[in-house]
Structures are given as structure tokens and as C-alpha cells.
Amino acid sequence: MDAATFAVSALAVVLLVLVTNLFNAAKSSVLLPVAATRDLGGATAFGALVGAMGGGALVGAMGGGALVGSLLFSAVGHRLPRRASFVAAFAAAGGPPFWALAAAPPLPAVAAVFAVSGLAAGATNPLIGAVKLKRVPGHVRARVYGVVGAGAWAAMPLGALGLGARERDLRP
């Protein structure tokens, strides 16, 4: 792989994690509290969402699904095509939690969507890690991993701030 192709690939990964984490931070910092207040009955419902077992029903469902997804993917992932697996997992992990919150079904249905999304999300980070290990030359690996990590964290405050500034538009 020549230097230009490598640079474009690395930039694509950085932009991918940057945008993904922007939306995920907005969801967890702003959208979950608003949905709990608007659709599930207020502060008590929000406490049920984020307080149970230290992570809440939705956060816990997504985290538990991600743990199970990572374990399943570690067992069978080496037999699957990388690109198709990543696209499918990324699509299943990204949008459905937002759609579930927008549709405002009962809490068990939203928790089920979050669990399935977490199951899919369990494959995304191992896939990104495998591709980084395969494609990034050893002599620049620390720098590339640092840039990807910085990109992953850089947009989180912006996502929360951006959606927080528009929070009034989310109210009924």
C-alpha cells in the first residue's frame, strides 16, 4: 500500500469513529434524558433507565449485548468476510437505537432494540482493531493509534453540546 492510500484509509477510520462517537455522545448525554422525560414519565423513568445495575436498562442492554457480541464474534468472526461483517454490524449498531427512541415504544421494546444493537456493536471494534493491525506499519503504529483514539474522543463533547443546544426542539 502506498503512502497516499494509507493516509486516506487512516483518515477514513478517524472520520468514522469521530462521527459515530459524536452521535453516540449526543444520544447518551441528551437524547436518553429527553426521551425518558418526554415518553416514559419523567425523572423516575430516567433514573430507571440509567440507574439500574450502575448503567441502566438501555445502557446495560447495549453494553451486555456488546459483550456477548464480542464473545460471539471472537468465536466465529474469523470465518466471516471482514468488510461485509463490518458494514452489517455498523448498520445494526448505529441507527436502530435512535429509531427506537424516536418511535417511543414501551421501555422493554426499546431495551430489546438496544440489546440487539449492542450485539452488533460487539463486532465493530474488533474489526477495526484487526484492520489497523494488518494495515498499519509497525514503525508508525503508535502514532496512527493515537490519532484514531484522539479522533474517537474529539467529537464527543461536540455531540453533547450540539444536541444539548437544540434540546428544546426535542420537547413535545
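**Close-up 1. The left-handed crossing of H4 and H5.** Helix H4 (residues 82-103) and H5 cross in a left-handed sense, where left-handed says that the near helix is turned anticlockwise from the far one by less than a right angle, and right-handed that it is turned clockwise. This is a predicted model, in which local features need pLDDT of at least 70 and side-chain atom pairs count only at pLDDT 80 or more, while totals for chains, interfaces and linings use all residues. Residues are numbered from 1 along each chain as its sequence is written, and side-chain values use heavy atoms, leaving out hydrogens and water. The helices here are DSSP runs (H or I, at least four residues; strands are E, at least two), numbered from the N terminus. H4 and H5 pack at about 145 degrees with their axes 8 Å apart; axes are lines fitted to C-alpha atoms, for helices over the stretch in contact, and angles run from 0 to 180 degrees between N-to-C directions. By class, their contact has 19 nonpolar, three polar and two charged residues. Nonpolar covers Ala, Val, Leu, Ile, Met, Phe, Trp, Tyr, Cys and Pro, charged covers Asp, Glu, Lys and Arg, and the others, Gly among them, are polar.

**Close-up 2. H5 against H6.** Follow H5 (residues 107-135) to H6 (residues 141-154): their axes come within 10 Å and cross at roughly 150 degrees. Gly129, Lys132 and Leu133 of H5 meet Arg141, Tyr145 and Val148 of H6, contact meaning heavy atoms within 4.5 Å. Three of these contact residues are nonpolar, one is polar and two are charged.

**Close-up 3. H6 beside H7.** The axes of H6 and helix H7 (residues 156-165) come within 5 Å and cross at roughly 15 degrees, so the two helices are roughly parallel. Ala152, Trp153 and Ala154 of H6 touch Met156, Pro157 and Leu158 of H7. The contact counts six nonpolar residues, with no polar and no charged ones.

**Close-up 4. The largest pocket.** The space in the largest pocket is about 850 Å³. A pocket is an open set of points on a 1 Å grid over the protein atoms alone, where a 1.4 Å probe fits, with protein on both sides within 12 Å along at least five of seven lines; lining residues have an atom within 4 Å of a point. Of its 30 lining residues, Thr20, Asn21, Asn24, Thr124 and Asn125 lie nearest the centre. H1 gives the most to this lining, eleven residues. The lining divides into 19 nonpolar, nine polar and two charged residues.

**Close-up 5. The second largest pocket.** Its volume is about 560 Å³, the space filled by probe spheres set on grid points that are joined across faces, edges and corners. Val13, Arg83, Phe86, Val131 and Arg135 are the closest to its centre among 18 lining residues. Twelve lining residues are nonpolar, one is polar and five are charged.

Notes. Parallel < 35°, antiparallel > 145°, perpendicular 65-115°, else oblique.
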